[in-house]
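Grab your viewer and try each one before reading on.

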Amino acid sequence: MEGARAVRPPPHVALRESTRAAHDAAEASPLMQQLLAGALDETGYRALLAAQWDLLSEWEADRSTWLAGIGATQGWHYASRATALAQDLVDLTHGHTDVGARPARDSFSRKATGPAAYGPKGCRAQGALLQAWGELYVIEGSALGGRVIVKRLRERFPSLAHRFYAVGENAEVPWRHFQELLDRVLAEPAALRRAVEGALRMFARYRKTLQDHASHV
């Protein structure tokens, strides 16, 4: 009908479509390609886990207050990837590892609440929060792909627990809940654009981190 608006896809679908190329580029890193091909040895597997721990432990420290707030207000709870990765690295190094918890340092969640949220600084904080939803989308979405990966890892390294890649094995219901949450939070086009920015940035961080670690394997 003339003048009718095109139907927009739900925000979680728009996020996927807007970041597909960035996802493929991150997945094309040498370590990930070796993993998917079943050609990663124990040294490479340790490097892959360490690279992701570097990235995700820093991210979780930066977003700690915000992540806790989602659980308290929305009933959706984030499973720490950094904790799972640290435990997997301990298994691989037989307890000899310097991986530890990073102190929480969330700086923008508190700025996005209260009267200050309506000033210029508050607007910037709100924008950062919306970008964080895009970052979280990348992390949660990767857990689904991990369900296939963990099966291969159990065949290749049967003595290890593979906690990190097993996170997504029971994620069907939480993932649907998370998609519904995205659709509510990112309902406005401006909010969705911010989330896409955050997702693209997170994919770029994944790609750089994995490439940097691959050069040392």
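This is a predicted model: local features need pLDDT of at least 70, side-chain atom pairs count only at pLDDT 80 or more; totals for chains, interfaces and linings use all residues.

**Exercise 1.** Is Glu169 buried, partly exposed or exposed? Work out its salt bridge too.

*Solution.* Residues are numbered from 1 along each chain as its sequence is written, and side-chain values use heavy atoms, leaving out hydrogens and water.

Step 1: Glu169 has a relative accessible area of 34%, so call it partly exposed (buried is under 20%, exposed over 50%, partly exposed in between, with a 1.4 Å probe and protein chains only).
Step 2: Glu169 forms a salt bridge with Arg154, closest N and O atoms 2.7 Å apart (side-chain nitrogen of Lys or Arg within 4 Å of a carboxyl oxygen of Asp or Glu).
Step 3: Arg154 is partly exposed as well, at 35%.

**Exercise 2.** Which salt-bridge partners does Glu135 have?

*Solution.* Step 1: Arg63 pairs with Glu135, with N and O 3.1 Å apart at the closest. Arg63 sits in the loop between helix H4 (42–62) and helix H5 (64–74) and Glu135 in helix H7, so the bridge ties together parts 72 residues apart in sequence (helices are DSSP runs of H or I, at least four residues, numbered from the N terminus).
Step 1: Arg201 also bridges to Glu135, at 2.7 Å from N to O.
Step 2: Check burial. Glu135 is buried at 1% and Arg63 is buried at 12%, while Arg201 is partly exposed at 37%.

Methods. Helices (H or I, at least four residues) and strands (E, at least two) are DSSP runs, numbered from the N terminus.
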